[in-house]
Number of protein chains: 4
Amino acid sequence: MNSGKSTSLLQAAHNYEERGQHIILAKPALDTKGEDSIVSRLGVERRVDLLVGPSHNLRDVFGIIAANSKANGSPVACLLIDEAQFLTPEQVEQALQIAVLDGVPVLAYGIRTDFMTIGFPGSIRLMELAHSIEELKTICRCGRKAMFNARKLNGEFVFHGDQVALDGISASYESLCATCYFSEKERDAKL
Amino acid sequence: MNSGKSTSLLQAAHNYEERGQHIILAKPALDTKGEDSIVSRLGVERRVDLLVGPSHNLRDVFGIIAANSKANGSPVACLLIDEAQFLTPEQVEQALQIAVLDGVPVLAYGIRTDFMTIGFPGSIRLMELAHSIEELKTICRCGRKAMFNARKLNGEFVFHGDQVALDGISASYESLCATCYFSEKERDAKL
Amino acid sequence: MNSGKSTSLLQAAHNYEERGQHIILAKPALDTKGEDSIVSRLGVERRVDLLVGPSHNLRDVFGIIAANSKANGSPVACLLIDEAQFLTPEQVEQALQIAVLDGVPVLAYGIRTDFMTIGFPGSIRLMELAHSIEELKTICRCGRKAMFNARKLNGEFVFHGDQVALDGISASYESLCATCYFSEKERDAKL
Amino acid sequence: MNSGKSTSLLQAAHNYEERGQHIILAKPALDTKGEDSIVSRLGVERRVDLLVGPSHNLRDVFGIIAANSKANGSPVACLLIDEAQFLTPEQVEQALQIAVLDGVPVLAYGIRTDFMTIGFPGSIRLMELAHSIEELKTICRCGRKAMFNARKLNGEFVFHGDQVALDGISASYESLCATCYFSEKERDAKL
């Protein structure tokens, strides 16, 4: 959505560390953009501590890192996950277990829906289970609040295709309000 | 969730009407509780203007009522929907069209997930499409914020069964925080 | 603001009690509307447990009631305050002490500003000290979100006078958006 | 509060510009930190377009810049103000006029209260007039949500002094939750 999710995540990480607290940064391996780093559009960049593979049990792999940290005298104060829409539904449940059963707050940043307005499996599970949902807002080209993440191929909006096509690699995206989204979709249908 | 959704809806309706504006109250016909009325746990009750059947096109049936209202000199200022989790995903899309294409604000009140923490099809589509999501909070028996709507049969929590079982008719419900929910689920698994 | 503050308060009280938890309802004695009751515009009414006089130490008077409740086996789970804009700044500080030092959540419902857009002393202290601020929304006659609580005398908007004039007793009020408020204020200035 | 206000502001600016929209960055001249730049703790920095002096009429000085921009073919889509607690109450009223009468959205970022939990005159007026208030959260050393911005001189918390003492120049600050703030204040009182 280009709303600044990675910037917010990196700022939250900074807030914790400035107070002397240790945090873990993670992202799904499916997001190969930026390789093993989180890159914010403001130019801030940072390597992740944990690349989550699709078959990983998130609670288990996090548990190993957290136990090491604790043994080294810095217990983990927070788990921050970027591109959380690419987690599997099971991994989202494991994130809830980390928060509730292990007592480590989890901040997950991701987009709600794909370019066809359908939720990613991970996003849906996050919206079902999250203790609180906060919206990072951005604007449409028309100035209204953006709602949907429209896909562009060769400069043209498209409304069919695979759910996942990484930004800047096999497609580009533009955040639109519902009015502009409907109007572009109607124009596309007429072609 | 017993958080006061119907009370909030009836208050919002009252706010509009106090300013001389005309609103339409709707609920899915699937919610047979209270028949064709919205009944708040505070004791306030009111008949709905529109019972939405599962095969209704919401925009069409709303459009007929709205056209009548307009002809009578009172254009519809808002559509309020109770128990919105029981809308079909298509009806949620039609509600978005009412808001965006017809320019009538839609306030939809519903619960996020069923007693197994899985979203209702209508809730998922609402969370995917809503311009803004607001949480009505309530508390768990332990005093924490409640998260999940646990089902009880004969006084015992159950964790398997049909997604829909109306409160007070074929089951009862209690809102629990995630900690209490997990703990009751574990106890149930041991039986 | 006629946004449903008292309804929300009475619903929150109901939510606690439905879970078997004991709450205390309070309001400043300055609000003589409804005498010693909270009356919601939806028609729900309930007597308060504590009328807070302007010279009361809120923590002390609450503490006496809370100790009695505890002795009777029902510790207080929450303090709910209606018309909280009429608390003194010191009483708001005492409310924070009840929340932080005595560990009893305090929910305070009130309006932000008077009819001239100036905060009440109690509202300002609440906005300075509250752990979280939630807005109960209502609408302007024009359909926009209302922002200000405009005063009417004999059906005409007025923009000068005492800060406190109780609704329905010595004045009436209408919630306006900023655009309508500015426009009425300009009209008044031209008279 | 070290919660990332400047980062959020710079990200919002970036969001607008990425969509080809022109924005104006402003800050009160009273904030001499960073001279005429906004410097985020993540390392992002940017010069402001407008340093607001204490006797400036904000609407007038903004109006001149906005008219120039419009003449050059780039009307101003948004005014972003950093350290907005240092605006005068009159300047906050002028910001509301920019938003309501001139139709230019204004995003004002600032802290709520000083190190003694008292609002800055500009913050109080902002909380009285803002269309919506959003909290940027950060954490206390104890892990709870921070509430207050405590002042330190030579490494010790102090609870008396001038309202304004710029961070990193004549004092340093640490965000504390209410519990830690009360406990440090009590310790200070005993010295």
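This is a predicted model: local features need pLDDT of at least 70, side-chain atom pairs count only at pLDDT 80 or more; totals for chains, interfaces and linings use all residues.
Me: How many residues do chain D and chain A bring to their contact?

Reply: Two residues are in contact if their C-beta atoms, placed from the backbone, lie within 7 Å. By that rule the contact takes 20 residues from chain D and 20 residues from chain A. On the side of chain D that touches chain A, helix α1 (residues 5–18) of chain D gives the most, with seven residues; helices (H or I, at least four residues) and strands (E, at least two) are DSSP runs, numbered from the N terminus. Sorted by class, this side of chain D has six nonpolar, 10 polar and four charged residues, where Ala, Val, Leu, Ile, Met, Phe, Trp, Tyr, Cys and Pro count as nonpolar, Asp, Glu, Lys and Arg as charged, and the others, Gly among them, as polar.

Me: What rotation and shift superpose chain D on chain A?

Reply: Two copies of a chain are related by a rotation about an axis and a shift along it. Here a rotation of 180° with 0.0 Å of shift along its axis superposes chain D on chain A, with an RMSD of 0.0 Å, and that is the relation of a two-fold axis. The same surface serves both copies, since 100% of the contact residues of chain D recur in chain A. Such copies are superposed by least squares on the C-alpha atoms of residues with pLDDT of at least 70 in both.

Me: Which elements of chain A give two or more residues to the side that touches chain B?

Reply: The contact takes 18 residues from chain A and 18 residues from chain B. On the side of chain A, the elements that give two or more residues are α3, α4 (121–129) and α5 (178–190) of chain A, and α4(A) gives the most, with four residues. The residues of this side divide into 11 nonpolar, five polar and two charged. Chain A is superposed on chain B by a rotation of 180° with 0.0 Å of shift along its axis (RMSD 0.0 Å), and 100% of the contact residues of chain A recur in chain B.

Me: How far apart are the nearest C-alpha atoms of chain A and chain C?

Reply: Chain A and chain C do not touch, and their nearest C-alpha atoms are 14 Å apart. Likewise, no contact joins chain B and chain D, whose closest C-alpha atoms lie 14 Å apart.

Me: At what angle do the axes of α2 and α3 of chain A cross?

Reply: Axes are lines fitted to C-alpha atoms, for helices over the stretch in contact, and angles run from 0 to 180 degrees between N-to-C directions. The axes of helix α2 (residues 58–71) of chain A and helix α3 (residues 89–100) of chain A come within 8 Å and cross at roughly 45°. That makes α2(A) oblique to α3(A), given that angles under 35 degrees count as roughly parallel, over 145 as roughly antiparallel, 65 to 115 as roughly perpendicular and the rest as oblique. In this contact L58(A), R59(A) and F62(A) of α2(A) meet Q91(A), Q94(A), A95(A), Q97(A) and I98(A) of α3(A).

Me: Which residues have the most contacts inside the largest nonpolar core?

Reply: A nonpolar core is a set of buried Ala, Val, Leu, Ile, Met, Phe, Trp, Tyr and Cys residues joined through C-beta atoms within 7 Å. The largest one has 198 residues, and those with the most contacts inside it are L79(A), L79(B), L79(C) and L79(D). Not counting residues up to four places away in sequence, L79(C) touches I24(C), A26(C), F62(C), I98(C), V104(C) and V106(C).

Me: Are N154(B) and T117(D), which have a positive phi, buried or exposed?

Reply: Most residues other than glycine have a negative phi. N154(B), however, has a positive phi of about 50° although it is not a glycine, and N154(B) is exposed, with 7 other C-beta atoms within 10 Å. T117(D), whose phi is near 70°, is buried, with 20 other C-beta atoms within 10 Å. A residue is buried if 20 or more other C-beta atoms lie within 10 Å of its own, exposed if 12 or fewer, and partly exposed in between, with C-beta atoms placed from the backbone.

Terms used
Residues are numbered from 1 along each chain as its sequence is written. Chains are lettered from A and ligands numbered from 1 in the order in which they are written.
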